[in-house]
Amino acid sequence: MDHVDRILAQWRRARPGLDVSPMAVIGRLGRAAAVVDARLAATFASHGIDAGTFDVLATLARQGEPFRITPAELAADAMITSSAVAQRLNRLDRLGLVVREPNPDDGRGKFVRLTDAGRELLDAVLPDHLVTEREILAPLSVEERDTLAGLLSKLAGGG
């Protein structure tokens with residue numbers, strides 16, 4: 001019996017007429033997300049960065065050469081607001097991990113490009129990040145991981 005099971009039992013005693021079964025899934029999703037976030041944060045911190053920094057560097061690296069994207073595309077890809085992107089980019093620009101360059105197709109627009117220092121940092125972090133993710137998922141078989149990924153995609157509206 002885990003923490004969520006105890007909560008469900010308490011609700012069943014306190015409110016026997018209510019179907020509290022959705023809490024079994026939603027409660028565990030929340031707890032799992034907190035565990036994942038904490039583990040990943042520790043990995044990022046060991047490299048002197050946070051999840052937001054990793055997100056920007058990884059998004060830029062996934063673009064392939066020349067490792068650039070517009071701030072609007074970055075916001076959409078990272079699922080964050082344009083003001084959050086601006087804050088992250090200001091910080092990463094000061095650290096020399098990204099640069100802003102003019103967009104030749106849009107006189108007012110900019111591209112954000114990953115610098116060599118940004119690529120080197122990502123190259124150092126990414127293997128450790130993947131190790132952490134594998135450790136988090138270690139209790140699951142490959143089939144269970146595939147099933148869970150499919151179910152989470154469906155729940156998030158992607159499948």
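In the second largest pocket, helix α2 gives the most to the lining, with four residues. Helices here (H or I, at least four residues) and strands (E, at least two) are DSSP runs, numbered from the N terminus. This is a predicted model, in which local features need pLDDT of at least 70, side-chain atom pairs count only at pLDDT 80 or more, and totals for chains, interfaces and linings use all residues. Residues are numbered from 1 along each chain as its sequence is written, and side-chain values use heavy atoms, with hydrogens and water left out.

## The pockets

Let us stay with the second largest pocket for a moment. A pocket is found on a 1 Å grid over the protein atoms alone: it is an open set of points where a 1.4 Å probe fits, with protein on both sides within 12 Å along at least five of seven lines, and its lining residues have an atom within 4 Å of a point. The volume of the second largest pocket is about 290 Å³; a volume is the space filled by probe spheres set on the points, and grid points are joined across faces, edges and corners. Its lining is made by A33, V36, D37, L40, M79, E133, I136 and L137. Two or more of these residues come from each of the elements α2 and α6. By class, six lining residues are nonpolar, none is polar and two are charged. In this scheme Ala, Val, Leu, Ile, Met, Phe, Trp, Tyr, Cys and Pro count as nonpolar, Asp, Glu, Lys and Arg as charged, and the others, Gly among them, as polar.

Now turn to the largest pocket, which has a volume of about 520 Å³. It has 18 lining residues, and A32, L137, L140, L148 and L152 are the ones nearest its centre. The elements that give two or more residues to this lining are α2 (22–45), α6 (116–137) and α7 (142–155). Here α7 gives the most, with seven residues. The lining of the largest pocket divides into 14 nonpolar residues, one polar and three charged.

## A nonpolar patch

V25, I26, L29, L148, L152 and L155 make a nonpolar surface patch of about 510 Å². Patches are built from residues with over 30% relative accessible area and no salt bridge, with nonpolar side chains (Val, Leu, Ile, Met, Phe, Trp, Tyr) joined within 5 Å and like charges within 9 Å. Accessible areas come from the Shrake-Rupley method with a 1.4 Å probe, and for residues only the protein chains shown count as cover. Helices α2 and α7 each supply at least two residues of the nonpolar patch.

Buried means under 20% relative accessible area, exposed over 50%, and partly exposed in between (1.4 Å probe, protein chains only).

## Salt bridges

Side chains of opposite charge can pair when their charged atoms come close. A salt bridge is counted when a side-chain nitrogen of Lys or Arg is within 4 Å of a carboxyl oxygen of Asp or Glu. A search of the whole structure finds nine salt bridges, among them those in this table.

| Salt bridge | N to O distance |
|---|---|
| R28 and D2 | 2.9 Å |
| R28 and D5 | 2.8 Å |
| D93 and R100 | 3.7 Å |

D2, D5 and R28 are linked in a network of salt bridges. R28 lies in helix α2 and D5 in helix α1, so this pair ties together parts that are 23 residues apart in sequence. R28 is partly exposed at 29% relative accessibility. D2 is also partly exposed, at 31%, and D5 is partly exposed at 27%.

In the other pair of the table, D93 is partly exposed, with a relative accessible area of 31%, and R100 is partly exposed at 32%.

Is L114 buried or exposed? L114 is buried, with a relative accessible area of 0%, and its place is in strand β3 (residues 106–114). The C-alpha atoms of L114 and P66 are 8.2 Å apart, while the two residues are 48 residues apart along the chain.

P139 is found in the loop between α6 and α7. It is exposed, with a relative accessible area of 68%.
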